[in-house]
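Subject: Structure handover and notes

Dear colleague,

I am passing on the structure we discussed, and below it you will find my notes on what turned up in it. Please read them with the coordinates open beside you.

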Amino acid sequence: MVVLKDKIHYLLQKNSITHKKFCIDIGISDAGMRKIYTRNSMELFLLQKISDYFKVPISYFTDEAAGSNNITVGHDANNINSNVTITKLIDEMAAQRKSYEEQMKAQREQMKAQCEQHDQHINRLLNIIEERLS
């Protein structure tokens with residue numbers, strides 16, 4: 001059985017990172033991390049965040065040993081000889097989530113720039129009105 005606590009503690013030691021710094025960096029309380037350790041599970045977004053933090057694939061946290069947890073759940077629709085495993089699905093979902101988050105970030109930045117332009121136009125109009133009223 002994969003024990004998340006053991007895998008995370010190994011990465012903390014390997015990277016010389018304290019548990020406290022790790023919790024602060026990923027934005028979770030110590031109590032929240034203890035709950036994850038107790039349940040031995042976490043939300044996919046948090047798993048992706050931790051995976052990104054340590055620069056390891058999500059499968060690091062789901063595989064007990066190399067290849068031991070690659071349970072086949074189906075076949076690739078484009079290639080019947082290609083198996084789809086739980087690990088592959090998790091990694092693909094994480095990649096899609098990351099892509100979506102990047103798209104949303106770009107859209108937020110674009111909207112922010114548009115709002116700033118609108119504010120500039122409004123300020124110009126207010127200045128024109130103020131000048132004409134003077």
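Tyr-53, once its neighbours within four places in sequence are left aside, is in contact with Ile-17, Lys-21, Phe-22, Asp-25 and Ile-26, where contact means heavy atoms within 4.5 Å. The model is a predicted one, in which local features need pLDDT of at least 70 and side-chain atom pairs count only at pLDDT 80 or more, whereas totals for chains, interfaces and linings use all residues. Residues are numbered from 1 along each chain as its sequence is written, and side-chain values use heavy atoms, with hydrogens and water left out.

Tyr-53 lies in helix 4, which covers residues 44-54; helices (H or I, at least four residues) are DSSP runs, numbered from the N terminus. With a relative accessible area of 23%, Tyr-53 is partly exposed, on a scale where buried means under 20% relative accessible area, exposed over 50%, and partly exposed in between (1.4 Å probe, protein chains only). The side chains of Tyr-53 and Asp-25 are joined by a polar contact of 2.7 Å, that is, a pair of N or O atoms within 3.5 Å, of which, within protein, one must be able to donate a hydrogen and the other to accept it, while residues adjacent in sequence count only if both atoms are side-chain atoms. From C-alpha to C-alpha, Tyr-53 and Phe-22 are 8.8 Å apart in space, although 31 residues apart in sequence.

The aromatic pairs come to four, counting rings of Phe, Tyr and Trp (its six-membered ring) whose centres lie within 6.5 Å, with planes under 30 degrees apart taken as stacked, over 60 as edge-to-face and the rest as tilted. The rings of Phe-22 and Phe-54 have centres 5.3 Å apart and planes at 25 degrees, so this pair is stacked. Because Phe-22 lies in helix 2 and Phe-54 in helix 4, the pair ties together parts that are 32 residues apart in sequence. Phe-22 is buried at 0% relative accessibility, and Phe-54 is buried at 7%. Ring pairs link Phe-22, Tyr-53 and Phe-54 into a cluster.

Also in helix 4 is Gln-48, which counts as buried at 10% relative accessibility and, leaving aside its neighbours within four places in sequence, is in contact with Ile-58, Ala-94 and Ala-95.

Turning to helix 1 (4-14), its buried residues are Leu-4, Lys-7, Ile-8, Leu-11 and Leu-12. Seen down the axis of helix 1, they fall within an arc of 135 degrees, so they line one face of the helix, the arc being that of the directions from the helix axis to the C-beta atoms. They pack against helix 2, helix 3, helix 4 and helix 5 (59-62), whereas the face of helix 1 turned away from its buried side carries the exposed residues Asp-6, Gln-13 and Lys-14.

In helix 3 (residues 30-39), the buried residues are Gly-32, Met-33, Ile-36 and Tyr-37. Seen down the axis of helix 3, these residues fall within an arc of 145 degrees, so they too line one face. What covers them includes helix 1, helix 2 (19-26) and helix 4, and on the other side of helix 3, Lys-35, Thr-38 and Arg-39 are exposed.

Key. Helix = DSSP H or I, 4+ residues; strand = E, 2+ residues; numbered from the N terminus.
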